[in-house]
Amino acid sequence: IDRNGLVRFWNRHCAELFGISARDALGKPLASLASHPDEAEFAAVLESVWKTGDPHARDWEVGLRDGSKRWMYSTHFPVMRDGETQQLVCMEIDVTDRKASERNLMMAAQVFDNCRDAILVLDRNYTVISVNQAFSDLMGYAPDEVIGREAPSLRSGVHDQAFYQEIWDYVSKHDHWEGEIWTRSRDGREFPCWVALTAIRSGRTELADFMAILSD
C-alpha cells in the first residue's frame, strides 16, 4: 500500500484469501477490502510502521466481503528508499484453523481443571502426566507429588500387580474399562473408587496415553 493506504500490489494468494481479484483491489483503500473489529487500532498500527519504520506483526480477526470472518497473522513492514518509508508491504497468513485449535485446547483445559470428577492422565508406562484439582481433592496429593511418578493407586498395595495388569491388558485391547477399584489416599484412608479408564491413541493403532476418571 502507498502512503494514502491504497493497494499498489495484490498477488494471486490475496485474491484467493480475500475473494477479491487484483483488478478490483488495485487502487482501492486497503481498509475497504476487509474489516477489522477495531479499525482505529489497525489504522494506528499502520501509522506506527509509517512513522517509525519498525515492522509489526500480530493476529487479527478480519471480516471478508462475503460476510465470513478469518483470523490472519499480519506482518506489516516498510519499503525504504532514500531513508524514508515509501510503501508498506502487508503479508497475511490465514491462521483460522490454528485459532480454532487454540480455542479447543483452552476449552479442554478449562473442562479438565473444572471437572468435578478426579482425572489423571498416564503415559504408556503408567507414569502420571497430569492431574486435575478434583484428583488432588480426592486423593490428597498435590500435582507435584504425583506427576512424573507411578499412579498412586498402582503403588498403594491395596490390589496386587496381577489385578492391575489384567485391566491394562483389557484396555490395550478394547480401549476402555470401567469398574470398582479400592485405593488409598495420601492420609492412608482406603476407599472404593469407580474408575473409567480410556486408552488415548496417537494414530489408529499406536497407544500413546491413558486417561482415568475416578469417582468416590
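Helices (H or I, at least four residues) and strands (E, at least two) are DSSP runs, numbered from the N terminus. What you see is a predicted model, in which local features need pLDDT of at least 70 and side-chain atom pairs count only at pLDDT 80 or more, while totals for chains, interfaces and linings use all residues. Residues are numbered from 1 along each chain as its sequence is written, and side-chain values use heavy atoms, with hydrogens and water left out.

Start with W60. This residue is found in strand β1, residues 56-63. Is W60 buried or exposed? W60 is buried, because its relative accessible area is 4%; buried means under 20% relative accessible area, exposed over 50%, and partly exposed in between, with a 1.4 Å probe and protein chains only. Contact here means heavy atoms within 4.5 Å. Leaving aside neighbours within four places in sequence, W60 has contacts that include H36, D38, E41, F42, R70 and W71. V95 is 35 residues from W60 along the chain, and their C-alpha atoms are separated by 9.5 Å.

Next, the pair β2 and β3. Strands count as paired if DSSP finds at least two bridges between them. Strand β2 (residues 69-81) and strand β3 (residues 84-94) are antiparallel, with ten bridges. P78 stands opposite L88 in β3. The two strands form a hairpin with two residues between them, and D82 in the turn has a positive phi of about 55°.

T75 also belongs to strand β2. It counts as buried because its relative accessible area is 15%. Not counting residues up to four places away in sequence, T75 touches H56, A57, V89, C90 and M91.

On a 1 Å grid over the protein atoms alone, a cavity is a set of points where a 1.4 Å probe fits but cannot get out; a pocket is an open set with protein on both sides within 12 Å along at least five of seven lines, and lining residues have an atom within 4 Å of a point. Grid points are joined across faces, edges and corners, and a volume is the space filled by probe spheres set on the points. The largest pocket has a volume of about 420 Å³. Its lining has 23 residues, of which F9, W10, C14, C90 and M91 are the closest to its centre. α1 (12-18), β2 and β3 each supply at least two lining residues, and the largest share, six residues, comes from β3. By class, this lining has 16 nonpolar, five polar and two charged residues. For these classes, Ala, Val, Leu, Ile, Met, Phe, Trp, Tyr, Cys and Pro count as nonpolar, Asp, Glu, Lys and Arg as charged, and the others, Gly among them, as polar.

Now the other hairpin. Nine bridges join β6 (176-184) to β7 (190-201), which run antiparallel. T183 stands opposite F191 in β7. Five residues lie between these strands, and G188 in the turn has a positive phi of about 95°. In a regular strand the side chains alternate between the two faces of the sheet. In β6 the covered face has W177, G179, I181 and T183, and the uncovered one has H176, E178, E180, W182 and R184.

What about the interior? A nonpolar core is a set of buried Ala, Val, Leu, Ile, Met, Phe, Trp, Tyr and Cys residues joined through side-chain atoms within 4.5 Å. The largest has 27 residues, and those with the most contacts inside it are L120, V195, L197, F210 and L214. β7 gives the most to this core, with five residues. Apart from it lies another core, of 20 residues, among them I1, C14, V49 and L64. Among the contacts of L197, leaving aside neighbours within four places in sequence, are I167, W168, F210 and A212.

How many cavities of 30 Å³ or more does the structure hold? There is one, and about 210 Å³ of space lies in the largest cavity. Of its 18 lining residues, S153, W168, I181, V195 and A212 are the closest to its centre. The lining has 16 nonpolar, two polar and no charged residues.

Last, S202, in the loop between β7 and β8. S202 is exposed, because its relative accessible area is 55%. S202 and R124 are 78 residues apart in sequence and 12 Å apart in space, C-alpha to C-alpha.
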